[in-house]
Amino acid sequence: MPPADSPKQNRILAALTAAEFERIAPQLNRVVLPLGQMLYQPGSPLQSAYFPTTAVVSLHCVLESGASAETAAVGSEGMVGISLFMGGDTTPSTATVQMAGHGYSLETSLLKAEFDRAGSMQRLLLRYTEALIAQTTQTAVCNRHHSVQQQICRWLLSTLDRVGSREIVVTQEMIAGALGVRRESVTDAAAALQRAGVIRYRRGHISVLERSGLQTGVCECYSVVKHEMGRLFSEVQMREGHSEAESSRGAIA
């Protein structure tokens, strides 16, 4: 396990080859990410990429009416700012800190330079982008076809995976905003989960008492996204491990 307060708490940074990590490590800036901080706004130039370690960032779209819905969330498994290496310097979505914590930022020019080296950073970021697209696609399907209670179970399980705790600091308004549903619908679904002994809710906090209860009530969308993320990372790490082993043998020879 990486030490606390380390860039390697982020899964992408931890998966870099030793040489690449050492090259960018001095340029990584530890940042405090307070609840509600807006990292990106639609159409604004992106100045930095963010690699969360203990924080969770919500990517969501806001309509002209003011209504919004989360398209994806990013925690220690990923990075915020894929537009920077996908050919654009702006994004149509908003990135807001959903769970307070920490992360590391890397200036745009440094990220692009490392990406253009075509090493493990490039491969990891492209694979992560594929997983993020899968999450966004599955979220759209889930929000259209599954019940609010199933969506809440998915959201809670995904958040638990990212924060590593059974205690989540969140309001029903925040969950409603993330799912793009009425607050009353969240209240009813949360009450049902609390009556079943799955969660305990008090204003601003949710305690998950029985994770198995969430897993019973969740739709397939949670496992699809989790499996895809794990598959893509395992393939890249196997490839990078093989490449480093080959390099070591070559150096010895």
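Visitor: In which order do the four strands of the open sheet stand?

Guide: The model is a predicted one, in which local features need pLDDT of at least 70 and side-chain atom pairs count only at pLDDT 80 or more, while totals for chains, interfaces and linings use all residues. Residues are numbered from 1 along each chain as its sequence is written, and side-chain values use heavy atoms, with hydrogens and water left out. Strands (E, at least two residues) and helices (H or I, at least four) are DSSP runs numbered from the N terminus, and two strands pair if DSSP finds at least two bridges between them. The pairing in this open sheet is antiparallel, and the order is β2-β6-β4-β5.

Visitor: Why is one side of β2 and of β5 left without a neighbour in the sheet?

Guide: Strands of a sheet pair through backbone hydrogen bonds, either parallel or antiparallel. β2 (38–40) and β5 (68–74) each have a single partner strand, so one side of each is left without a neighbour, the two standing at the edges.

Visitor: Which residue stands opposite Met 38?

Guide: β2 and strand β6 (residues 94–99) run antiparallel and are joined by two bridges. Opposite Met 38 stands a residue of β6, Thr 96.

Visitor: At about what angle to β5 does helix α6 run?

Guide: Axes are lines fitted to C-alpha atoms, for helices over the stretch in contact (heavy atoms within 4.5 Å). Angles run from 0 to 180 degrees between N-to-C directions. Helix α4 (residues 120–145) lies across β4 (56–62) and β5, at about 145° to β5. Helix α6 (residues 172–179) lies across β5 and β6, and its angle to β5 is about 90°.

Visitor: Which strands are at the edges of the sheet of three strands?

Guide: This open sheet has the order β1-β7-β3, with antiparallel pairing. Two of these strands pair on one side only, namely β1 (29–33) and β3 (48–52).

Visitor: Which residue in β7 stands opposite Ser 48?

Guide: β3 pairs with strand β7 (residues 101–107) over five bridges, in the antiparallel sense. The residue of β7 that stands opposite Ser 48 is Glu 107.

Visitor: Which helix packs on this sheet, touching β3 and β7?

Guide: The helix in question covers residues 108–116, and its direction makes about 70° with that of β7. The helix touching β3 and β7 is α3.

Visitor: What volume does the largest cavity have?

Guide: On a 1 Å grid over the protein atoms alone, a cavity is a set of points where a 1.4 Å probe fits but cannot get out; lining residues have an atom within 4 Å of a point. Grid points are joined across faces, edges and corners, and a volume is the space filled by probe spheres set on the points. The count comes to two cavities of 30 Å³ or more. The volume of the largest is about 40 Å³.

Visitor: How many charged residues are in the lining of the largest cavity?

Guide: The lining includes Ile 152, Gln 172 and Tyr 201. Asp, Glu, Lys and Arg count as charged; Ala, Val, Leu, Ile, Met, Phe, Trp, Tyr, Cys and Pro as nonpolar; and the others, Gly among them, as polar. The lining has eight nonpolar residues and one polar residue, and the number of charged residues is none.

Visitor: Which helices each supply at least two residues of the lining of the second largest cavity?

Guide: Among the residues lining this cavity are Glu 70, Thr 139, Arg 154 and Leu 179. By class, the lining has three nonpolar, two polar and two charged residues. The helices that each supply at least two of the residues are α4, α5 and α6.

Definitions and conventions:
1 Å grid on protein atoms, 1.4 Å probe; cavity = no way out; pocket = protein on both sides within 12 Å on 5 of 7 lines; lining within 4 Å.
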